[in-house]
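Q: Please give me a close look at the packing in this model. State the cut-offs as you go, and keep it brisk.

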Amino acid sequence: MKIKPVSLFFLGKGGVGKSTSSALTALAGAQKGVSVLLVSLDPAHNQSDIFETRLSDKPKRINRNLYVSELDLEKWIRKYLRGVEDQVKRSYKYLTAMNLEHYFDVIKYSPGIEEYALLNAYEHILKEHKDKDYIIFDMPPTALTLKFFELPQISLTWLEQLLKLRQEILKKREIITTIKIGKKDFQSDKIITKLDAQISGYEKIKSIFSDPQKTRINLVLNPDKLSLNESLLIVRRLKDSALSVNRLFLNKYNQENSTYIVNSFPETPMLKLPVSEHPLLGLDILSAYLAAKETGIREIV
Ligand SMILES: Nc1ncnc2c1ncn2[C@@H]1O[C@H](COP(=O)(O)OP(=O)(O)OP(=O)(O)O)[C@@H](O)[C@H]1O
Ligand SMILES: [Mg+2]
């Protein structure tokens, strides 16, 4: 049975051609008759310029098989903060004297908000578009993208520690009150239940990320030293999270000065995208580029 949707991520240094490569891949898939949703997760969106049409966070139909949207990350950040606020207010109802407003002002600036919001958005998109064959993600700058991929494991490490701590608290309470806390009480403890749910949520995302049938990471680079170095860093950091790059898109390829790039990744399949004579904007030019150039893009979707 065919697994769907397959997530195709496009990442790489700023300006290397993530948006262009993801748009070409999305179009190639749609032309072959598979259903594709292309989502820009980069807050500085480019897809509306590439497709020469107004886009929003609601997917817009571009042709029979292709939909494109641009994520409203600010909206997802607000949604995430509201969720945290509700939860804290519910948990600390009895502490009405506490200055909670002050606490929420601080939370807005705490690190990690953007990647949590991004991960929530990603989960939502996967759930909402189970009918699509491919969901193609045009990713934000490297720093945020790496945090996005690292977040499930980081969260799991924290949650597992919190779970241990909670179990110890319950055990101590058992000793102090001499009230026996059986297995059933452990299970019905609200905090443990919540932690368990979060742990299984992050485990699920982690397993999606590391399943090559469900997730493919495409790293875009140019034949230049800076994009090569950033790509090597990306490969290393992903490897630390037990993730690997499935394919390289060597964009703006030319035979003369690409040898050292090709030799730097002996084991990863590489697609070569030559420079287009025309700016790669609009469906007609994107289609003409796909038809004229031997890129191999059509073979991967
Ligand atoms: N193969 C190509 N031939 C010609 N021009 C290209 C090619 N690939 C990309 N470009 C052009 O290079 C510029 C950068 O490409 P693109 O916007 O796709 O990069 P990006 O990685 O998404 O950038 P950002 O990091 O700013 O989001 C654009 O003007 C685009 O039209
Ligand atoms: Mg872009």
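A: Start with α1 (18-32) and helix α11 (residues 283-292), whose axes come within 10 Å and cross at roughly 80°. Axes here are lines fitted to C-alpha atoms, for helices over the stretch in contact, and angles run from 0 to 180 degrees between N-to-C directions. α1 and α11 are therefore roughly perpendicular (65 to 115 degrees; under 35 is roughly parallel, over 145 roughly antiparallel, the rest oblique). The model is predicted: local features need pLDDT of at least 70, side-chain atom pairs count only at pLDDT 80 or more, and totals for chains, interfaces and linings use all residues. Residues are numbered from 1 along each chain as its sequence is written, while chains are lettered from A and ligands numbered from 1 in the order written. Helices (H or I, at least four residues) and strands (E, at least two) are DSSP runs, numbered from the N terminus.

From α1, the residues A23, L24, L27 and A28 meet L286, S287, Y289 and L290 of α11 (contact: C-beta atoms, placed from the backbone, within 7 Å). This contact has seven nonpolar residues, one polar and no charged. Nonpolar covers Ala, Val, Leu, Ile, Met, Phe, Trp, Tyr, Cys and Pro; charged covers Asp, Glu, Lys and Arg; the others, Gly among them, are polar.

In total 16 residues surround the ligand, and the closest are G17, K18, S19, T20 and S276 (near: C-beta, placed from the backbone, within 6 Å). α1 and β7 are the elements giving two or more residues to that shell. By class, the shell divides into five nonpolar, eight polar and three charged.

Strand β7 (residues 247-253) pairs with strand β6 (residues 215-221) in the parallel sense, over four bridges (strands pair if DSSP finds at least two bridges between them). R247 in β7 is the bridge partner of N218. The open sheet holds eight strands in the order β3-β4-β2-β5-β1-β6-β7-β8, with mixed pairing. Its edge strands, β3 (60-63) and β8 (270-274), each pair on one side only. Neighbouring strands are turned by 20° against each other on average, direction ignored. Helix α9 (residues 225-240) lies across β1 (6-11) and β6, at about 160° to β6.

Now the other helix pairs. Helix α6 (residues 142-177) meets helix α5 (residues 113-128), with axes that come within 9 Å and cross at roughly 65°. That makes α5 roughly perpendicular to α6. The crossing is right-handed (the near helix is turned clockwise from the far one by less than a right angle; anticlockwise is left-handed). On the α5 side are E114, E115, Y116, L118 and L119; on the α6 side are L144, K147, F148 and L151. Six of these residues are nonpolar, none polar and three charged.

α6 also packs on helix α8 (residues 190-209), at about 155°, with the axes 9 Å apart. That makes α6 roughly antiparallel to α8. This crossing is left-handed. Contact residues in α6 include F149, P152, L156 and L159, and those in α8 include I191, L195, I199 and Y202. The contact of α6 with α8 has 13 nonpolar, three polar and three charged residues.

Definitions and conventions
Contact = placed C-beta atoms within 7 Å.
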